[in-house]
Amino acid sequence: MTYKYETILYWSKEDNAFIAEVPELPGCMAHGNSQEEALANAHEAIGLWLDTAKEFGDPIPEPKGRRLMYA
């Protein structure tokens with residue numbers, strides 16, 4: 001399945017790994033030794049996040065499809 005949630009990818013010197021965060025899904029993030037691995041792990045984390053939300057009847061945000069802006 002393809003997910004259309006924004007994913008922010010960056011290198012974490014502290015963790016010595018690439019981090020992939022999905023800001024539209026609170027707490028959804030993953031890491032990996034390469035950018036590709038971090039993104040693949042984030043894809044899996046998104047699926048798990050959505051499955052858990054469905055299981056507990058929590059709302060599932062629609063992907064915004066644009067860069068999020070924080071105040």
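Throughout these legends, a residue is buried under 20% relative accessible area, exposed over 50% and partly exposed in between, with a 1.4 Å probe and protein chains only. The model is predicted: local features need pLDDT of at least 70, side-chain atom pairs count only at pLDDT 80 or more, and totals for chains, interfaces and linings use all residues. Residues are numbered from 1 along each chain as its sequence is written, and side-chain values use heavy atoms, with hydrogens and water left out.

**View A. The aromatic pair of Trp-11 and Phe-18.** Rings of Phe, Tyr and Trp (its six-membered ring) pair if their centres lie within 6.5 Å; planes under 30 degrees apart are stacked, over 60 edge-to-face, and the rest tilted. One aromatic pair is counted by this rule. Phe-18 is buried because its relative accessibility is 18%, while Trp-11, at 41%, is partly exposed.

**View B. Glu-24, buried without a salt bridge.** Follow the loop between strand S2 (17-21) and strand S3 (29-32) to find Glu-24; strands (E, at least two residues) are DSSP runs numbered from the N terminus. A salt bridge puts a side-chain nitrogen of Lys or Arg within 4 Å of a carboxyl oxygen of Asp or Glu. For Glu-24, the nearest side chain of opposite charge is Lys-64, 4.5 Å away; Lys and Arg count as positive, Asp and Glu as negative, and His and the chain ends are not counted. A polar atom of the Glu-24 side chain does lie 2.9 Å from the backbone nitrogen of Glu-6.

**View C. Asn-16, with a positive phi.** Asn-16 sits in the loop between strand S1 (8-12) and S2. Its phi is near 55°. Most residues other than glycine have a negative phi. Asn-16 is exposed, since its relative accessible area is 55%.

**View D. Val-22 and the largest nonpolar core.** A nonpolar core is a set of buried Ala, Val, Leu, Ile, Met, Phe, Trp, Tyr and Cys residues joined through side-chain atoms within 4.5 Å. The seven residues here are Tyr-5, Val-22, Leu-25, Cys-28, Ala-45, Ile-46 and Leu-50. Another core, apart from this one, has five residues, including Ala-20, Ala-30, Ala-38 and Ala-42. Setting aside neighbours within four places in sequence, Val-22 is in contact (heavy atoms within 4.5 Å) with Tyr-5, Glu-6, Thr-7, Cys-28 and Ile-46.

How values were computed: Helices (H or I, at least four residues) and strands (E, at least two) are DSSP runs, numbered from the N terminus. A polar contact is a pair of N or O atoms within 3.5 Å; within protein, one must be able to donate a hydrogen and the other to accept it, and residues adjacent in sequence count only if both atoms are side-chain atoms.
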